[in-house]
Amino acid sequence: MIARLRRAHGHLAAVLAMFEQGRSCLDLAQQLHAVESAVGNAKRELIHDHIEHCLVEGGESTRGTLKELKQLTKYL
């Protein structure tokens, strides 16, 4: 997870530097797409890990787990 977030951070830092350098819109759009992808991948991993934890380990009550999983789906 940390590696994914650091990758997103690096892409975002590159976008800021590119803006300061006056790079083309195409270059900026491409790099912003990389930021979105990296953040999306980190989010997906977090949610999948949480779902696996809830379903496999069963640490919470079924009702509480289902409620939380339903809330998580809005972020998918």
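**Helical architecture and side-chain pairing in the predicted model**

Read along the sequence, the protein chain follows the pattern α-α-α. The model described here is predicted. Its protein chain contains 3 helices and 0 strands. Of the 76 residues in the protein chain, 17% count as buried. Among contacts in the protein chain with a separation of 6 or more, 51% are accounted for by residues 24 or more positions apart. The protein chain exposes about 5900 Å², of which carbon and sulfur atoms supply 59%.

Part of the exposed surface is nonpolar. Met 1, Ile 2, Leu 5 and Leu 46 make a nonpolar surface patch of about 380 Å². Of these residues, Leu 46 is placed in helix α2. Leu 46 counts as exposed because its relative accessibility is 52%, the cut-off for this class being over 50%.

Charged side chains were examined next. Side chains of opposite charge can pair when their charged atoms come close. The count of salt bridges comes to 2. In one of them, Arg 4 pairs with Glu 45, and the closest N and O atoms are 2.2 Å apart. This pair links distant parts of the chain, with Arg 4 in helix α1 (residues 2–21) and Glu 45 in helix α2, 41 residues apart. Arg 4 has a relative accessibility of 30% and therefore counts as partly exposed. Glu 45, at 22% relative accessibility, likewise counts as partly exposed.

A salt bridge is also formed between Arg 23 and Asp 27, where the closest N and O atoms are 3.4 Å apart. With a relative accessible area of 39%, Arg 23 is partly exposed. Asp 27 is partly exposed as well, its relative accessible area being 25%.

Gln 31 is classed as buried because its relative accessible area is 18%, the limit for burial being under 20%. The side chains of Gln 31 and His 11 are joined by a polar contact of 2.8 Å. When residues up to four places away in sequence are not counted, Gln 31 touches His 11, Ala 14, Val 15 and Met 18.

Terms used:
Residues are numbered from 1 along each chain as its sequence is written. This is a predicted model: local features need pLDDT of at least 70, side-chain atom pairs count only at pLDDT 80 or more; totals for chains, interfaces and linings use all residues. Side-chain values use heavy atoms; hydrogens and water are left out. Buried means under 20% relative accessible area, exposed over 50%, partly exposed in between (1.4 Å probe, protein chains only). A polar contact is a pair of N or O atoms within 3.5 Å; within protein, one must be able to donate a hydrogen and the other to accept it, and residues adjacent in sequence count only if both atoms are side-chain atoms. Contact means heavy atoms within 4.5 Å. Helices (H or I, at least four residues) and strands (E, at least two) are DSSP runs, numbered from the N terminus. Accessible areas come from the Shrake-Rupley method with a 1.4 Å probe; for residues, only the protein chains shown count as cover. Patches are made of residues with over 30% relative accessible area and no salt bridge: like charges are joined within 9 Å, nonpolar side chains (Val, Leu, Ile, Met, Phe, Trp, Tyr) within 5 Å. A salt bridge is a side-chain nitrogen of Lys or Arg within 4 Å of a carboxyl oxygen of Asp or Glu.
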